[in-house]
Amino acid sequence: MPDPADLSAVELLDAYRARALSPVEVTEAVIARIEAWEPRLKALYAYQPEAARAAAKASEMRWMKGEALPLDGVPGTIKENIATKGTPMPVGTAARDLVPMPEDAPVAARLREAGLVMLAKTTMPDYGMLSSGLSSFHELARNPWDLSKNPGGSSAGAGAAGAAGYGPLHIGTDIGGSIRLPAGWCGLVGLKPSFGRVP
């Protein structure tokens with residue numbers, strides 16, 4: 001069987017349903033991948049492996065009880081500029097105060113309700129304004145295919161995380177290419193929903 005960190009969300013859900021894998025095993029595989037690559041990639045912000053482990057354990061219990069949620073146990077990340085309760089949101093810039101967000105943005109809330117195992121936030125450039133990912137707050141993310149290159153932006157960390165196998169789902173934002181550019185530069189599929197479809 002391939003490394004669980006390399007499986008798609010659909011493959012993971014099928015494996016959980018068949019009891020061939022557990023969310024705990026998969027989360028540990030992804031954490032091992034992050035620990036191996038993150039010192040060089042610099043894709044993550046607010047990485048919380050213990051919170052991810054707790055979420056994976058809760059997911060495993062739901063699967064065992066037959067109460068699985070739509071994305072239960074699938075590991076992923078969310079871009080730093082999408083609010084998550086309790087985590088500061090610098091939007092890529094050193095110019096903002098690091099005040100914990102009072103609540104999840106709708107996208108983050110829906111992902112949690114669906115059972116996603118949230119590993120971390122991902123890095124971005126100042127205010128999402130550069131296609132390179134260059135930030136005055138975050139270290140510059142690197143492209144896993146060639147560490148001398150960056151992964152594109154503004155969803156820079158999401159592109160690097162996706163290409164490195166930090167789980168199958170990475171939520172970004174896109175106005176002028178901020179999902180599409182990192183997807184193209186990192187050899188991934190990126191989806192920009194139509195305006196108004198996702199808050």
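The legends below describe close-up views of a predicted model.

**View 1. Helix α3 and its buried face.** Helix α3, made up of residues 49–65, contains 17 residues and spans 24 Å from its first C-alpha to its last, which is close to the 24 Å expected at 1.5 Å a residue. Its buried residues are Pro49, Ala52, Ala56, Ser59, Glu60 and Trp63. Viewed down the axis of α3, these buried residues fall within an arc of 105°, so they line one face of the helix. The elements that cover the buried residues of α3 include α1 (9–17), α2 (23–41) and β3 (117–122), whereas Glu50 and Lys65, on the other side of α3, are exposed. The residue that follows α3 is Gly66, and its phi is positive, near 75°.

View 2. Four strands form an open sheet in the order β1-β3-β2-β4, and their pairing is mixed. The edges are taken by β1 (44–45) and β4 (169–171), each of which has a single partner strand, so one side of each is left without a neighbour in the sheet. Strand β2, residues 75–79, runs parallel to β3 and is joined to β3 by five bridges; within this pairing, Pro75 has Val117 of β3 as its bridge partner. Helix α2 lies across β1, β2 and β3, and runs at about 20° to β3.

View 3. When residues up to four places away in sequence are not counted, Asp104 touches Ala83, Thr84, Lys85, Ala109 and Arg112.

View 4. Ser178 is found in the loop that lies between β4 and α6 (180–186). The relative accessibility of Ser178 is 11%, and because buried means under 20%, this residue counts as buried. The side chain of Ser178 is joined to the side chain of Ser154 by a polar contact of 2.8 Å. With neighbours within four places in sequence left aside, the residues in contact with Ser178 are Lys79, Gly128, Gly153, Ser154, Ser155 and Thr173.

Notes:
Residues numbered from 1 in each chain as written. Predicted model: local features only at pLDDT ≥ 70, side-chain atom pairs only at ≥ 80, totals over all residues. Heavy atoms only, no water. Helix = DSSP H or I, 4+ residues; strand = E, 2+ residues; numbered from the N terminus. Expected span 1.5 Å × (residues − 1). Buried < 20%, exposed > 50% of the residue type's maximum accessible area, 1.4 Å probe, protein only. Arc of directions from axis to C-beta. Contact = heavy atoms within 4.5 Å. Pairing = 2+ DSSP bridges. Axes fitted to C-alpha atoms, helices over the stretch in contact; angles between N-to-C directions. Polar contact = N/O pair within 3.5 Å; in protein donor to acceptor, adjacent residues only side chain to side chain.
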